[in-house]
Amino acid sequence: MRSSVEQQIIALNSAHLLEIEALLQDSELPYKDCDEHLNNFFGIINGDRLIAVGALQYKGSVALLRSIAVSPEHRGQGLAATITQYLLEVARSSHVRELYLLTETAQRYFLKFGFCCVQREAVPDYIKTTRQFETLCPSSAQAMRLYL
């Protein structure tokens, strides 16, 4: 089911930090480094409330897709897919060639976008040195890759 929410995606900034962190906490996702990457966060606002979020972290032609979350009352409306597709386009337009993510629960979901599971050891050094990879995501999180 598609949402009746206007699905305009905007760049987020420091004014949205507390909402980003709360949304990620509600979704049981890492949030402690959001302030370091605010310029790479995008979201969907409903009224005056952030209801969906996602981000990319870049280095050259490699990026980490992270923090895809939707508020509980807006799940099942296609917002995660909307923001994921948007971030894939941002990555492509930024000349990213390899996109990685870590997940504990959404492997099947990201397979729909063309991601495949990879060994954590096969992940490029830049991704391995992100806080998401090093400390924030548990070692049990599955690494996934998409060639763009």
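**View A. His 16 in the loop between β1 and α1.** His 16 sits in the loop that runs between β1 (9–11) and α1. The model shown here and in the other views is predicted. His 16 has a relative accessible area of 14%, and because the limit for buried is under 20%, His 16 counts as buried. Leaving out residues up to four places away in sequence, His 16 touches Ile 10 and Ile 45.

**View B. The largest nonpolar core.** This core has 25 residues. Leu 56, Leu 65, Leu 87, Leu 99, Phe 110 and Phe 115 have the most contacts inside it. Two or more core residues come from each of β2 (41–46), β3 (49–59), β4 (62–70), α2 (79–93), β5 (98–103) and β7 (142–147). Helix α2 gives the largest share, six residues.

**View C. Leu 99 and its contacts.** Leu 99 is among the residues with the most contacts inside the largest nonpolar core. Neighbours within four places in sequence are set aside here. Leu 99 then contacts Leu 56, Ala 63, Leu 64, Leu 65 and Leu 88, among others. Its contacts also include Phe 115, Met 144, Arg 145, Leu 146 and Leu 148. Of these partners, Leu 56, Leu 65 and Phe 115 are also named among the residues with the most contacts inside the core.

**View D. The largest pocket.** The volume of this pocket is about 760 Å³. Its lining has 32 residues. Nearest the pocket centre lie Leu 29, Ile 68, Thr 105, Ala 106 and Phe 110. Phe 110 is also listed among the residues with the most contacts inside the largest nonpolar core. At least two lining residues come from each of β4, α2, β5, α3 (107–111) and α5 (131–136). Strand β4 gives the most, with seven residues. By type, the lining has 19 nonpolar, nine polar and four charged residues.

**View E. The salt bridge between Arg 131 and Glu 36.** The structure holds four salt bridges. Side chains of opposite charge can pair when their charged atoms come close. In this pair, the closest N and O atoms of Arg 131 and Glu 36 are 2.5 Å apart. Arg 131 belongs to helix α5. Glu 36 lies in the loop between α1 (17–26) and β2. The bridge links distant parts of the chain, 95 residues apart. Arg 131 is partly exposed, at 32% relative accessible area. Glu 36 is partly exposed as well, at 44%.

**View F. The salt bridge between Arg 49 and Glu 73.** The two side chains meet with an N to O distance of 2.4 Å. Arg 49 is in strand β3, and Glu 73 is in the loop between β4 and α2, so the bridge ties together parts 24 residues apart in sequence. Arg 49 is partly exposed, with a relative accessible area of 35%. Glu 73 is also partly exposed, at 43% relative accessibility.

View G. Arg 92 is partly exposed at 36% relative accessibility. Glu 89 is partly exposed too, with a relative accessible area of 43%.

**View H. Positive phi at Glu 28 and Ser 67.** Glu 28 is not a glycine, yet its phi is positive, near 60°. Ser 67 has a positive phi near 60° as well. Glu 28 lies in the loop between α1 and β2, whereas Ser 67 is in strand β4. Glu 28 is exposed, with a relative accessible area of 74%. Ser 67, at 9% relative accessibility, is buried.

**View I. Gly 60 in the loop between β3 and β4.** Gly 60 occupies the loop that runs between these two strands. At 61% relative accessibility, this glycine is exposed. Gly 60 and Arg 97 are 37 residues apart along the chain. Their C-alpha atoms are separated by 8.9 Å.

Conventions: Residues are numbered from 1 along each chain as its sequence is written. This is a predicted model: local features need pLDDT of at least 70, side-chain atom pairs count only at pLDDT 80 or more; totals for chains, interfaces and linings use all residues. Side-chain values use heavy atoms; hydrogens and water are left out. A nonpolar core is a set of buried Ala, Val, Leu, Ile, Met, Phe, Trp, Tyr and Cys residues joined through side-chain atoms within 4.5 Å. Buried means under 20% relative accessible area, exposed over 50%, partly exposed in between (1.4 Å probe, protein chains only). Helices (H or I, at least four residues) and strands (E, at least two) are DSSP runs, numbered from the N terminus. Contact means heavy atoms within 4.5 Å. On a 1 Å grid over the protein atoms alone, a cavity is a set of points where a 1.4 Å probe fits but cannot get out, and a pocket is an open set with protein on both sides within 12 Å along at least five of seven lines; lining residues have an atom within 4 Å of a point. Grid points are joined across faces, edges and corners, and a volume is the space filled by probe spheres set on the points. Ala, Val, Leu, Ile, Met, Phe, Trp, Tyr, Cys and Pro count as nonpolar, Asp, Glu, Lys and Arg as charged, and the others, Gly among them, as polar.
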